[in-house]
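Subject: Handover of a structure

Dear colleague,

Please find below the structure that I am handing over to you.

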Amino acid sequence: MRPLQSQGRPGTPVFPVGWEAAHAVVSEKSFDCTVSIGPATGGPMVWNPVTEQDESTAGTAVYAGPAEILVVTDTAKVMDEAADATPVRRYQVKIRAAASSVTTEHVIRVTTSSDSMLVGKTLTIDAIERGRRFSRVLQATLTR
């Protein structure tokens, strides 16, 4: 029995070098939203006349550009400090594969979207999927 190998012909990789970048252009055609990703805080302090106090603004974005946002589930419940069940909506957010500086410490701010309910919302990044992909895939939540 021959041993399994991840090569085609001997010395030829199954996936050619740069295949992700060549196919990413096709994947990005489905991006119908615009997002900004960066730290939740860290920007300059700004006076808020409603709360009558200085409030920290968002830090500098590490990614600003097109994205695709898909609802994964709308049924999860999270227990908050008062032991109340809060509904949580989970999303899968796809951005350009080259956006390697995005971390789980960042948040996603939706600037434009085909779903008007998402515009202006902030999503918390829970996980970043790794591996060979045409786009970077983020798992995020929106707590209502």
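The notes below describe the chain as a whole, then its core, and then its charged pairs.

This is a predicted model, in which local features need pLDDT of at least 70 and side-chain atom pairs count only at pLDDT 80 or more, while totals for chains, interfaces and linings use all residues. Residues are numbered from 1 along each chain as its sequence is written, and side-chain values use heavy atoms, with hydrogens and water left out.

The chain has 1 helix and 8 strands; these are DSSP runs, numbered from the N terminus (helices: H or I, at least four residues; strands: E, at least two). Read from the N terminus, their order is α-β-β-β-β-β-β-β-β. Of the 144 residues, 28% are buried (buried means under 20% relative accessible area, exposed over 50%, and partly exposed in between, with a 1.4 Å probe and protein chains only). Among contacts (heavy atoms within 4.5 Å) with a separation of 6 or more, 56% join residues 24 or more positions apart.

The largest nonpolar core holds 20 residues, of which I37, V93, I95, V102, I108 and L138 touch the most other members. Such a core is a set of buried Ala, Val, Leu, Ile, Met, Phe, Trp, Tyr and Cys residues joined through side-chain atoms within 4.5 Å. Two or more residues come from each of β1 (33-39), β4, β5, β6 (106-112), β7 and β8 (135-143). Leaving aside neighbours within four places in sequence, L138 is in contact with residues including I37, V93, I95, V102 and I108.

Side chains of opposite charge can pair when their charged atoms come close. The structure holds 2 salt bridges (a side-chain nitrogen of Lys or Arg within 4 Å of a carboxyl oxygen of Asp or Glu). One joins E68 and K94, with the closest N and O atoms 3.9 Å apart. E68 lies in strand β4 and K94 in strand β5 (residues 85-96), 26 residues apart. E68 is buried, at 13% relative accessible area, and its side chain also makes a polar contact with the side chain of S30 (3.1 Å).

The other joins D126 and R90, with the closest N and O atoms 3.8 Å apart. D126 is in strand β7 (residues 122-129) and R90 in strand β5, 36 residues apart. D126 is partly exposed, at 40%, and R90 is partly exposed, at 31%.

Yours sincerely

Notes. A polar contact is a pair of N or O atoms within 3.5 Å; within protein, one must be able to donate a hydrogen and the other to accept it, and residues adjacent in sequence count only if both atoms are side-chain atoms.
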